[in-house]
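This briefing covers sheets, helix packing, the ligand shell and backbone geometry. Please read it alongside the structure shown here.

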Amino acid sequence: MSPTWSTALAAYFNPFRKPEMSPVTLVFPSSMMQSHAFTRLAKARGDRVIAASSVKADETAKHYDYWVYLPSMYDPSFGEALADLIASEGITHFYTPHMVIHPAVKALVARESLPITVCEDPIETLQGQYRDVFAHAQSAAPFIRAISGFDLPEALVASLFHFGEQIYGQTSETKIAAMAAVCAIAPKGDLIEIGSAWGRSAFVLATLAAHFDTGNLLCIDPWAVEIAHQSSDQEYLTQAIGAMDWEATFQAFLIHMLPFGRRVNYLRSTSAQVAALYRHSNPAVSSELGTTSYTGRAAVIHIDGNHGLECIEEDCRLWRPCLLPGGWLIIDDYVWEHGTGPQQVGDALIENERANIACAFVAGKALFIRFKADAVRERLHSFVDSGAIS
Ligand SMILES: C[S@@+](CC[C@H](N)C(=O)[O-])C[C@H]1O[C@@H](n2cnc3c(N)ncnc32)[C@H](O)[C@@H]1O
């Protein structure tokens, strides 16, 4: 588990407790961002939160339903004020993300036998989570080495796992590790992602492209309910996608991509519409990310748009000719509980192009295919010669 405050906070309460056991938690100081995050989670569980800080006109007080002033922990009246608050509000728990307040309040509670439970040491919790994410990165090393032939910096893989977890999506650590391995040995060229949603896999590809200086990432997604539907007869999947706020999803994608500046851009369109433009090496321009240039030749293509059979067939047909010699095609959800489109297309591709494929494997439910350098080059030339690329 990578170190998010939300996971640390989730562990703080037992979600299966009986309602009458609901804690009344004092959050102090309320001004820290982690205190806001904790409160959001606690409120979602139906707990009562009392927020406090030692700033009389605390501007963060507005984030809380109930906020009180407490003297500074250095003020001689702090202990008494805390004990009074505990008694008057029936406080049962104390949460602080503050590395100095925690030991001070813990000692005070023990000394005065105050009837509250103090949270775990916030820094110890945090350090433990960072240790965990490094351990995950370490355990992924043999897998990455088996694909790429060498070791990647542990911190790079840990960073991908850590930040990847903050972004909603299905891309697993196994798939992230495989993406890291293939990007490490991909040729220089563009990275194309068909279907980005909140930007979890896009974040991974963007980080890897920057690290290996592979090229710029183009994310293609309409972020529109009428196109986002998956060609699947699974009712719950259709309902869930239909109920999504796609504008909010797009905003989240922007939040996750902004740090990459001009190395990443997006086209709010379908893969089929973009394919024709892409071959002309047109730049992508957006008000948020500026102008990003593309070569019109892709080192890595990640297909994760509409998973319907015809749609993936179309994606492969339109985009595969853009792949550079030695480039990688990733078809997501080759193993998919909602349908068999990705698997059928992946299997047919491998069957039809066996001679052109350098290697193929399934990892984290996705199919990774590397095409042979020479075979891809020959096929591209014949494609150009036939006039299909203008
Ligand atoms: C499974 S989500 C992508 C998840 C993302 N790759 C990740 O791992 O974080 C599928 C996305 O494909 C997009 N999509 C659907 N049809 C598309 C099409 N024809 N062209 C491009 N994107 C499409 C949807 O809007 C949706 O955001």
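Val27 has Tyr95 in strand 4 as its bridge partner. The model is predicted. The pair belongs to the contact between strand 1 (residues 24-27) and strand 4 (residues 93-95), which run parallel and are joined by three bridges.

- Five strands make up an open sheet in the order 3-2-1-4-5, and the pairing is parallel.
- The edges are strand 3 (67-69) and strand 5 (117-118); each has a single partner strand, so one side of each is left without a neighbour in the sheet.
- Helix 2 (residues 33-44) packs on this sheet and touches strand 1, strand 2 (48-53) and strand 4.
- The direction of helix 2 makes about 165° with that of strand 2.

**Backbone geometry**

- Most residues other than glycine have a negative phi, and most peptide bonds are trans.
- The peptide bond from Phe28 to Pro29 is cis, with omega near 0°.
- Pro29 sits in the loop between strand 1 and helix 2.
- Trp223 is not a glycine, but its phi is positive, near 45°.
- Trp223 is found in the loop that lies between strand 7 (217-220) and helix 9.

- Another open sheet has seven strands in the order 8-7-6-11-12-14-13, with mixed pairing.
- Strand 8 (264-267) and strand 13 (357-363) are at the edges with a single partner strand each, so one side of each is left without a neighbour in the sheet.
- From one strand to the next, the twist averages 15°.
- Strand 13 and strand 14 (residues 366-371) run antiparallel and are joined by six bridges.
- Ala363 has Ala366 in strand 14 as its bridge partner.

**Helix 5 against helix 6**

- Two packed helices are described by the angle between their axes and the distance between the axes.
- For helix 5 (residues 122-148) and helix 6 (residues 154-166), the angle is about 120° and the axes are 8 Å apart.
- Helix 5 is therefore oblique to helix 6.
- The crossing of helix 5 past helix 6 is right-handed.
- On the helix 5 side, the contact involves Val133, Phe134, His136, Ala137, Gln138 and Ala140. These meet Glu154, Val157, Ala158, Phe161 and His162 in helix 6.
- The residues of this contact comprise seven nonpolar, three polar and one charged.

**Helix 5 against helix 7**

- Helix 5 also packs with helix 7 (residues 173-185), at an angle of about 45° and with axes 9 Å apart.
- This pair is therefore oblique as well.
- Helix 5 passes helix 7 in a crossing that is right-handed.
- Helix 5 contributes His136, Ala140, Phe143, Ile144, Ile147 and Ser148 to the contact. Their counterparts in helix 7 include Glu173, Ala177, Ala181 and Ile185.
- By class, the residues of the contact of helix 5 with helix 7 are 11 nonpolar, two polar and one charged.

**Ligand shell**

- The ligand is surrounded by 21 residues.
- The closest of them are Gly169, Gly195, Arg200, Ser201 and Gly305.
- At least two residues of the shell come from helix 8 (200-212), and at least two from helix 9 (225-228).
- In the shell around the ligand, eight residues are nonpolar, 10 are polar and three are charged.

Technical notes
Residues numbered from 1 in each chain as written. Predicted model: local features only at pLDDT ≥ 70, side-chain atom pairs only at ≥ 80, totals over all residues. Pairing = 2+ DSSP bridges. Helix = DSSP H or I, 4+ residues; strand = E, 2+ residues; numbered from the N terminus. Axes fitted to C-alpha atoms, helices over the stretch in contact; angles between N-to-C directions. Near = placed C-beta within 6 Å. Nonpolar A, V, L, I, M, F, W, Y, C, P; charged D, E, K, R; others polar. Parallel < 35°, antiparallel > 145°, perpendicular 65-115°, else oblique. Left-handed = near helix turned anticlockwise from the far one by under 90°. Contact = placed C-beta atoms within 7 Å.
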